[in-house]
Amino acid sequence: QVQLVESGGGLVQAGDSLRISCAASGRTFSIFRMAWFRQAPGKEREFVAAIRWGGGGTLYGDSVEGRFTVSQDNAKSTVSLQMGSLKPEDTAVYYCAAQSVVDTTYKYWGQGTQVTVSS
């Protein structure tokens with residue numbers, strides 16, 4: 001099992017930056033990839049960004065490419081999402097997720113952290 005805990009959400013203004021983090025614990029050695037998703041009220045869950053566990057390739061959703069950066073602190077088993085040039089449409093609950101080396105989907109999910117961007 002892998003446990004994920006997000007932190008760092010809050011209320012910011014349009015154009016501001018915000019950093020959210022996800023701390024992984026448990027069987028972290030089994031993690032293959034970590035990702036961020038978000039879900040706004042009344043909308044479907046949206047892929048935001050992903051990173052290979054242990055460093056390496058990153059991937060971004062079209063709506064955040066060039067504004068958001070995903071990174072990993074190996075020593076702390078933490079994945080962070082640095083969000084810049086925030087827009088009101090970035091308002092959502094942000095979830096981190098983990099895919100293990102034996103799974104094809106993201107099996108482990110955090111509880112989510114709210115990010116609200118005011119105009």
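Tutor: Two strands pair if DSSP finds at least two bridges between them. Strands themselves are DSSP runs of E, at least two residues in length, numbered from the N terminus. Please keep in mind that this is a predicted model, in which local features need pLDDT of at least 70 and side-chain atom pairs count only at pLDDT 80 or more, while totals for chains, interfaces and linings use all residues. Residues are numbered from 1 along each chain as its sequence is written, and side-chain values use heavy atoms, with hydrogens and water left out.

Student: How do you know that S9 and strand S11 pair?

Tutor: The pairing rule asks for at least two bridges, and S9 has three antiparallel bridges to S11 (residues 113–118). In one of these, Val93 has Gln114 of S11 as its bridge partner.

Student: What makes S9 and strand S10 count as paired?

Tutor: The number of bridges required is at least two, and two bridges join S9 to S10 (residues 108–109), the strands running antiparallel. Ala98 has Tyr108 as its bridge partner in S10.

Student: Over how many bridges does strand S4 pair with S9?

Tutor: S4 (residues 31–39) and S9 are joined in the antiparallel sense over eight bridges.

Student: Why is strand S9 called largely enclosed?

Tutor: Buried means under 20% relative accessible area, exposed over 50%, and partly exposed in between, using a 1.4 Å probe and protein chains only. Seven of the nine residues of S9 (residues 92–100) are buried, so the rest of the structure largely encloses this strand.

Student: Why is Gln99 called buried?

Tutor: Gln99, which lies in strand S9, has a relative accessible area of 8%, and is therefore buried.

Student: Which residues does Gln99 touch?

Tutor: Contact means heavy atoms within 4.5 Å. Leaving out residues up to four places away in sequence, Gln99 touches Ser30, Ile31, Phe32, Arg33, Thr104, Thr105 and Tyr106. The side chain of Gln99 also reaches the backbone oxygen of Asp103 at 3.0 Å.

Student: How do you know that Cys22 and Cys96 form a disulfide?

Tutor: A disulfide is a pair of cysteine sulfur atoms within 2.5 Å. The S to S distance of Cys22 and Cys96 is 2.0 Å, and by this rule the count comes to one disulfide. The link is right-handed, with 50° about the S-S bond. Cys22 lies in strand S3 (residues 18–26) and Cys96 in S9, so the pair ties together parts 74 residues apart in sequence. Both cysteines are buried.

Student: What makes Ser21 and Ser80 a polar contact?

Tutor: A polar contact is a pair of N or O atoms within 3.5 Å; within protein, one must be able to donate a hydrogen and the other to accept it, and residues adjacent in sequence count only if both atoms are side-chain atoms. The side chains of Ser21 and Ser80 are joined at 3.0 Å. Ser21 is placed in strand S3 and, at a relative accessible area of 18%, is buried.

Student: How many aromatic pairs does the structure hold?

Tutor: Rings of Phe, Tyr and Trp (its six-membered ring) pair if their centres lie within 6.5 Å; planes under 30 degrees apart count as stacked, over 60 as edge-to-face and the rest as tilted. The structure holds three such pairs. The rings of Phe37 and Phe47 have centres 5.7 Å apart and planes at 75°, so this pair is edge-to-face. Phe37 lies in strand S4 and Phe47 in strand S5 (residues 46–52), so parts ten residues apart in sequence are tied together.

Student: Are Phe37 and Phe47 to be called buried, partly exposed or exposed?

Tutor: Phe37 is buried, with a relative accessible area of 11%. Phe47, at 26%, counts as partly exposed.

Student: What kind of aromatic pair do Phe37 and Trp109 form?

Tutor: The pair of Phe37 and Trp109 is tilted, with 5.1 Å from centre to centre and 50° between the planes. Ring pairs link Phe37, Phe47, Tyr106 and Trp109 into a cluster.

Conventions: Helices (H or I, at least four residues) and strands (E, at least two) are DSSP runs, numbered from the N terminus.
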